[in-house]
Amino acid sequence: MTTSTPPPSPPPLAPGDLGAFVQESADAGELVVQPRMGMVGPEEMARGVAAVAALPERTVATLTIDSYTRVGDHAAATAAVRAGRPLNGFPLVSHGPRTGARVAAAAGRGTPVQVRHGSADPMAIFRTMAAAGLAASEGGPVSYCLPYGRTPLAESVAAWRDSVQFLTEESRAHGRRAHLESFGGCLLGQLCPPSLLVAVSVLECLFFVANGATSVSLSYAQQTHPAQDTGALTALRRLADEFLPPAVDRHIVLYTYMGVYPRTVPGARLLLRRSAELAVRGGAQRLIVKTETEAHRIPTVQENLTALRIAAEAARAARGTPGARPSGADAEETFAEARTLVTAVLALSDDLGVALLKAFDRGLLDVPFCLHPDNRGAVRSTVAPDGRLQWTDLGGLPLLTTSRRTIPMTSRQLSGMLDRVAREHDRAAAARPAPDPAPRASPPPSEPKNVVNGKSVRC
């Protein structure tokens, strides 16, 4: 009698693997919360990373990259560092991989560290990341091109293809698993109907997978109507399960509202709490928070920590209380529209990069109010009286669920729509102010907050 030898088990994932950490946290019933935090100096950045990792909440630390680095002007970033001039983020490439590794090490072994950057050509960032032992980043060939400048879309697609292939191969060679998060769920941050955000997020993750990624996250940014947003998260999850290969690790990440932010502290905190509630009720596993100072300046480390605590507290409370269920119509409308957009793009070419270029050239994908030269700009949208985002002109989008009608919009109306969420939350918070977040005790040393592959690891 012979017995077959079982195949060898895959090597364990390295501590700090973002996908594994999020899955472990979801299994434990905890929402992962993450800041957008970037400081110019390595010591200050390391202190921020360490402070985020030390919270008892399930956190991911962030290195947010400065504007010079994201557009490839590394000479300007380096000159600013040498002259001691302020930057709006951490210049990873200028500091180099050795310093980057030292900063990331401040998170400990269990807390993932993600690099967020905004670059249409991330190769230099990815090379420095990989050399520093970092494997988690985000963006995409569309979502980090159209909103941020005038880089031709064809250049961005080619750069992202090469960069994703490099990061995934280099990470694998060193026993790490690269994680790519699509920024497609944001695009311009506001006034974009959910179906386009969902479709671009799915398409960018398919692009990542086609170029070697085995761990991805699909994003969606909180918009103007809770039920519509919950339906969009449902549609995003359904489409991810339909189109992504089963073996690909994936989760949903929600961004707290990316548009004009409330001007008061109570209003900003109310909006943040509502985004955490949305994440829980919509089935997202990770939340990118915003702070109460977003409308005024770059936040401090302490303000980021406060935002993380508020979000985690709101998420815990939401798990124990019934919330408004999304209407089936919201989820089905977004699902049907987004699926139509995804399938229309996939039909254009077996090469998804080529398909994306053709889709924008033909107007099958088109972002409202986006001024990039490669975006047709023929579509329009509005905030309906009930707060939902709706198409008002479909341009060349292959959708049949919305009437093709153009509604003229004045600059005053546009400004009012852009300011609507901020205004409503400032007013609501003034009427019913919420208490400050209660401190949460840190876990005892024998029960650290971070777990990897089912095992606790000390931070």
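**Notebook: helix 14 and its neighbours**

I began with packing: the buried residues of helix 14 pack against helix 10 (265-282) and strand 9. For me, buried means under 20% relative accessible area, exposed means over 50%, and partly exposed lies in between (1.4 Å probe, protein chains only). Contact means heavy atoms within 4.5 Å. Helices (H or I, at least four residues) and strands (E, at least two) are DSSP runs, numbered from the N terminus.

A note on the model before I go on. It is predicted, so I keep in mind that local features need pLDDT of at least 70 and side-chain atom pairs count only at pLDDT 80 or more, while totals for chains, interfaces and linings use all residues. Residues are numbered from 1 along each chain as its sequence is written, and side-chain values use heavy atoms, with hydrogens and water left out.

**Entry: helix 14**

I looked up which residues of helix 14 are buried. They are Met417, Asp419, Arg420, Val421, Ala422, His425, Asp426 and Ala429.

Next I checked the length. Helix 14 runs over residues 411-431, and its 21 residues should span 30 Å at 1.5 Å a residue. The expected span is 1.5 Å times one less than the number of residues. I found the end C-alpha atoms 29 Å apart, which agrees.

Where is the kink in helix 14 centred? I found it on Asp419, with a bend of about 50°. The bend at a residue is the angle between axes fitted to the seven residues ending there and the seven starting there.

Asp419 turned up again when I looked at charges: its side chain meets that of Arg263 in a salt bridge (2.9 Å, N to O). This pair links distant parts of the chain, 156 residues apart, with Arg263 in the loop between strand 7 (249-255) and helix 10. A salt bridge here is a side-chain nitrogen of Lys or Arg within 4 Å of a carboxyl oxygen of Asp or Glu. Asp419 is buried, whereas Arg263 is partly exposed at 45% relative accessibility.

**Entry: strand 9**

I followed strand 9 (residues 380-383) to its partner, strand 10 (residues 389-393), and found them paired in the antiparallel sense over 4 bridges. Two strands pair if DSSP finds at least two bridges between them.

**Entry: helix 10**

I picked Ser275, which lies in helix 10. Is Ser275 buried or exposed? It is buried, with a relative accessible area of 0%. Its side chain reaches the backbone oxygen of Leu272 at 2.7 Å. Leaving out residues up to four places away in sequence, Ser275 touches Gln222, Leu254, Thr256 and Leu287.

**Entry: other salt bridges**

I counted 17 salt bridges by the rule above. One of them joins Glu181 and Arg286 (3.0 Å, N to O). Glu181 is in strand 5 (residues 179-182) and Arg286 in strand 8 (residues 286-288), 105 residues apart. Glu181 is buried at 0% relative accessible area, and Arg286 is buried at 0%. I also noted a network of salt bridges that links Arg116, Glu138, Glu181 and Arg286.

Then I looked at Arg238 and Glu332, whose closest N and O atoms are 2.9 Å apart. Arg238 sits in helix 9 (residues 226-243) and Glu332 in helix 12 (residues 328-346), 94 residues apart. Arg238 is partly exposed at 36%, and Glu332 is partly exposed at 43%.

How values were computed:
A polar contact is a pair of N or O atoms within 3.5 Å; within protein, one must be able to donate a hydrogen and the other to accept it, and residues adjacent in sequence count only if both atoms are side-chain atoms.
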